[in-house]
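Let us walk through a protein model step by step. Keep the picture in view as you read.

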Amino acid sequence: MEFRLDLIDDKVEFFEASDLRTLELKIEQQIENNKALLLQVHHVQHQSAFNAITGKMLYSAVVHFKAKKL
């Protein structure tokens with residue numbers, strides 16, 4: 001049996017929340033989690049949309065993590 005360890009080079013994660021503070025907390029928590037995998041934030045893209053049915057805003061973000069250069 002062979003045991004191999006491969007580093008994660010790229011990771012893209014998607015987040016959504018009903019308010020900006022919650023979205024920010026989710027992203028910050030995942031940034032801390034990904035530090036253990038030696039990943040850092042490479043790019044963040046965010047967007048907001050209005051839901052006419054519920055009358056509320058929906059905030060979303062895509063965060064691209066890349067491996068740290070050692």
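A salt bridge is a side-chain nitrogen of Lys or Arg within 4 Å of a carboxyl oxygen of Asp or Glu. Keep that cut-off in mind for what follows. Note, too, that this is a predicted model.

How many salt bridges does the structure hold? There are three. Take Arg21 and Glu24 to begin with. Their closest N and O atoms lie 3.5 Å apart, and a salt bridge needs a distance within 4 Å, so the pair counts as one. Both residues belong to helix α1, three residues apart, which means that about one helical turn separates them. Arg21 has a relative accessible area of 47% and is partly exposed. Glu24 is partly exposed as well, at 38%.

Now move along the helix. Glu32 forms a salt bridge with Lys35, with 3.1 Å between the closest N and O atoms. These two are also three residues apart in α1, so about one helical turn lies between them. Glu32 is partly exposed at 49% relative accessible area. Lys35 is partly exposed at 41%.

The remaining pair is Lys11 with Glu13. Their side chains meet in a salt bridge at 3.1 Å, N to O. Glu13 counts as buried, at 13%.

Next, the strands. Strand β1 covers residues 10-17, and strand β3 covers residues 56-67. They run antiparallel and are joined by eight bridges. Within this pairing, Phe15 stands opposite Ala61 in β3. Strand β2, residues 39-51, also pairs with β3 in the antiparallel sense, over twelve bridges. Here Gln47 faces Ser60 in β3. Four residues lie between β2 and β3, and the two strands form a hairpin. In its turn, Gly55 has a positive phi of about 75°.

In soluble globular proteins, nonpolar side chains tend to be buried together.

Leaving aside residues up to four places away in sequence, Tyr59 touches several residues, including Phe15, Ala17 and Leu23.

How values were computed. Residues numbered from 1 in each chain as written. Predicted model: local features only at pLDDT ≥ 70, side-chain atom pairs only at ≥ 80, totals over all residues. Heavy atoms only, no water. Pairing = 2+ DSSP bridges. Contact = heavy atoms within 4.5 Å. Buried < 20%, exposed > 50% of the residue type's maximum accessible area, 1.4 Å probe, protein only.
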